Every structure is written in structure tokens, then in C-alpha cells.
Amino acid sequence: QVQLVESGGGLVQPGGSLRLSCVVSGRAFSINAMAWYRQAPGKERELVAVVRSTGTITYVDSVKGRFTISRDNAKVYLQMNSLKSEDTAVYYCNVVAMSRSVYWGQGTQVTVSS
């Protein structure tokens, strides 16, 4: 069984920073990609950033220059700087295996408010 555990969410003022972490545990498997998604109230879940096994990284336009995704083996991080109120959402860790199996974390709340 595979588990993804996120941490690092919380309340921060506009312009502040947070660092999200996700640890993958359980049975070993080959990872194809690791990503962060988010879902704001009343909106669909959207891809924020993804790092692929090839090393390529993609960001949604709204976070370019502010967020940085990084990976260390079975851990993935999202450094979020210059946070805005519109970044408020539940952030989910996502892992896609080489077998195409998809795994999700439970989500961590990020609230940007003064």
C-alpha cells in the first residue's frame, strides 16, 4: 500500500511564504511524476506544478516566478513565495507511477489572508 502524507500548510499573510512537503511511503515503485494540485472553494482541482522523471518541470501560469517544486527521491516539496489571496486552497500531493497508477495525499489547507 502506498501513502502520501502532506505537511506545511497554514495561515499566512499576503506576500508571505510557505513550504509544503509530501512524503511517499509504503511499497516501493518507480515514480514517473510528482505534482501538486490545488482546489479552491467552488472551483475545480487544478495542476499547480509537476516534476517529471525526465527532470522537466511545469507550472501553471498563475504561480510562475513565485512557486518552486522540487523532488528528493520519494519526497516532493512546493516552496511558495509572494503568496496572494487567490492562492488560498487545499493543496494535494499527487504521484504517478511508471505503471500509470495514481496516488493522492489527503490535502493540506493553505489560507492567505490578512
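**Ground rules.** Residues are numbered from 1 along each chain as its sequence is written, and side-chain values use heavy atoms, with hydrogens and water left out. Since I am working with a prediction, local features need pLDDT of at least 70 and side-chain atom pairs count only at pLDDT 80 or more, while totals for chains, interfaces and linings use all residues.

For burial I used relative accessible area: under 20% is buried, over 50% exposed, and in between partly exposed (1.4 Å probe, protein chains only). This core holds 28 residues, and Trp36, Leu78, Met80 and Tyr91 touch the most other members. I then asked which elements give two or more residues to it, and found β1 (2-7), β3 (18-26), β4 (31-39), β5 (46-52), β7 (67-72), β8 (75-80), β9 (89-97) and β11 (108-112). Strands here are DSSP runs of E, at least two residues long, numbered from the N terminus. With five residues, β9 gives the most to this core.

Next I listed the contacts of Tyr91 (heavy atoms within 4.5 Å). Setting aside neighbours within four places in sequence, its partners include Trp36, Leu78 and Met80, along with Glu6, Arg38 and Thr108.

**Entry 3, aromatic pairs.** Rings of Phe, Tyr and Trp (its six-membered ring) pair if their centres lie within 6.5 Å; planes under 30 degrees apart are stacked, over 60 edge-to-face, and the rest tilted. I count three aromatic pairs by this rule. The Phe29 and Tyr103 rings are tilted, because their planes stand at 45°, with centres 5.2 Å apart. Phe29 sits in the loop between β3 and β4, and Tyr103 in β10 (residues 102-104), 74 residues apart. Buried or exposed? Tyr103 is buried at 15% relative accessible area, whereas Phe29 is partly exposed at 21%.

Tyr37 and Trp104 make an edge-to-face pair, 4.9 Å centre to centre with 65° between the planes. Tyr37 is in β4 and Trp104 in β10, so this pair ties together parts 67 residues apart in sequence. Both are partly exposed: Tyr37 at 21% and Trp104 at 38%. I also note that Tyr37, Tyr92 and Trp104 form one aromatic cluster.

My test was NZ of Lys or CZ of Arg within 6 Å of the ring centre and within 35 degrees of the ring normal. Arg45 lies over the face of Tyr92, 3.8 Å from the ring centre. The charged end of Arg19 sits over the ring of Tyr77, at 4.1 Å from its centre.

Strands pair if DSSP finds at least two bridges between them. Antiparallel β1 and β3 are joined by six bridges, and Val2 stands opposite Gly26 in β3. Six bridges also join β3 to β8, again antiparallel; there, Cys22 has Val76 in β8 as its bridge partner.

How many disulfides (cysteine sulfur atoms within 2.5 Å) turn up in the whole structure? I found one, joining Cys22 to Cys93 at 2.1 Å S to S. The link is left-handed, with -80° about the S-S bond. Cys22 is in β3 and Cys93 in β9, so the pair ties together parts 71 residues apart. Cys22 is buried at 1% relative accessible area, and Cys93 is buried at 0%.

Note on methods: Core = buried A, V, L, I, M, F, W, Y, C linked by side-chain atoms within 4.5 Å. Helix = DSSP H or I, 4+ residues; strand = E, 2+ residues; numbered from the N terminus. Disulfide = S-S within 2.5 Å.
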